[in-house]
Amino acid sequence: MRLKYVLSEVMVGLWRNVTMSIAMIITMAVSLTMLGASGLIYVKVAEMKELYFENIEVSIFLEAEATEEQKTEIQAKLDADPLIESVTYVNKEEAYELFEDMFRDSPDLLSAINPDVLPESYRLKLVNPQEYQAIGEQYADIEGVDQVIDKSSVLDKIFNLFSAGQKIALVAAVAMAVAALLLVANTIQVAAYSKRREVAVMKLVGASNWFIQAPFVLEAVVAGLIGSVLGLGALAGLKVFLFDGALSALQGLFAPVSWGEVLLAFPLMAAVGGLISAITAWVTLRFYLRV
């Protein structure tokens, strides 16, 4: 009987302040959507960094006048370097074959280049790809070396952009969460005020604190859970219309978002929405009702 009473009071409370309840649910849904999106962005950026770093190769290009003695010294130093996993020597002919494969759709450019103008190089696979800068510092000034090049200079800019977007989404989620919590607190306070006489009577007849607080707390929890469901729908919409739609041409650059990852975000969103709403409601009631 007590459970039935509590549940009925939850539904009555939500309907009594329907406009504030809707505002609370929508604000909670937006904040949880941004929280889920920022979580997905964080995971995707981490996956992309790992994928790109695994495929980073450092290239050491030799000067055209490099002597055989200088090449031998460079090769010996590379073989003894603990930071390097493997070394591949690329001569002029092999460099031209790579050039032909890279620019096979530009016949005019291919006809203007011959193997003699392309430099010899060493292609390095690193034990820890994130230590590419150490390779550049060690080999850039060695005699016979023209320049040290890696792909990370471009990737760093991309990752900085993604990280900035991730931080912006997280800050926006926090700001919306604060707004949602304030709405929860205000809604619960209004609901408690509208039932102040009933609360006073329940206190007089010896009702427990839990019995008095439970309908208000569950009201906030239900709103938070509904907001998390709406947030899941918004995340699904982002996947369909943004990641699989507008950004589908960039799938080679961006790590794809799977349905499994979207669904895995829901328990986190529901837990955050329900728990934070419950805590906010309980704290509000402690200060307002003094129970």
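**Fold, cores and local contacts of the predicted model**

Among contacts in the protein between residues at least 6 apart in sequence, 84% join residues at least 24 apart. The protein has 291 residues, and buried residues make up 38% of them. Its secondary structure comes to 10 helices and 4 strands, arranged along the sequence in the pattern α-α-β-α-β-α-α-β-α-β-α-α-α-α.

Confidence is worth a look before the details. The average pLDDT of the protein is 76, and 77% of the residues score at least 70. Among the elements, the lowest mean pLDDT, 57, belongs to helix 1 (residues 2–16), while the highest, 88, belongs to helix 3 (residues 68–80).

The UniProt record, an unreviewed entry, places the feature "transmembrane region" at residues 20–43, 168–190, 210–233 and 265–289. Two of these spans can be described further. Residues 20–43 are 100% helix and 0% strand in the model, with their end C-alpha atoms 34 Å apart. Residues 168–190 are likewise 100% helix and 0% strand, and here the end C-alpha atoms lie 33 Å apart.

Attention now turns to the nonpolar cores. The largest one holds 23 residues, and Val184, Ile188, Val217, Leu235 and Val262 are those with the most contacts inside it. At least two residues of this core come from each of helix 2 (18–54), helix 7 (152–194), helix 9 (209–246) and helix 10 (259–288). Helix 9 gives the most, with 7 residues. A second, separate core has 16 residues, including Ala66, Ile74, Tyr122 and Ile135.

Which residues are buried in helix 4? In this helix, which covers residues 92–102, they are Ala95, Tyr96 and Phe99. Seen down the axis of helix 4, the buried residues fall within an arc of 100°, so they line one face of the helix. The N-terminal end of helix 4 is capped by Asn91, with a side-chain oxygen of Asn91 lying 3.2 Å from the backbone nitrogen of Glu93.

Two individual residues round out the picture. Ser59 sits in strand 1 (residues 58–62). Its relative accessibility is 10%, so Ser59 counts as buried. Not counting residues up to four places away in sequence, Ser59 touches Tyr122, Arg123, Gln147, Val148 and Ile149. With one of these, Arg123, the side chain of Ser59 also forms a polar contact of 3.4 Å. Another residue touched by Ser59, Tyr122, is included in the second core.

Is Phe53, at the other stop on this short tour, buried or exposed? Phe53 is found in helix 2, and with a relative accessibility of 13% it counts as buried. Setting aside residues up to four places away in sequence, Phe53 touches Pro129, Gln130 and Tyr132. Phe53 and Leu126 are 73 residues apart in sequence, and their C-alpha atoms are 9.6 Å apart in space.

How values were computed: Residues numbered from 1 in each chain as written. Predicted model: local features only at pLDDT ≥ 70, side-chain atom pairs only at ≥ 80, totals over all residues. Heavy atoms only, no water. UniProt positions renumbered as here; feature names shortened; annotations may be inferred. Core = buried A, V, L, I, M, F, W, Y, C linked by side-chain atoms within 4.5 Å. Buried < 20%, exposed > 50% of the residue type's maximum accessible area, 1.4 Å probe, protein only. Arc of directions from axis to C-beta. Polar contact = N/O pair within 3.5 Å; in protein donor to acceptor, adjacent residues only side chain to side chain. Contact = heavy atoms within 4.5 Å. pLDDT = per-residue confidence, 0-100.
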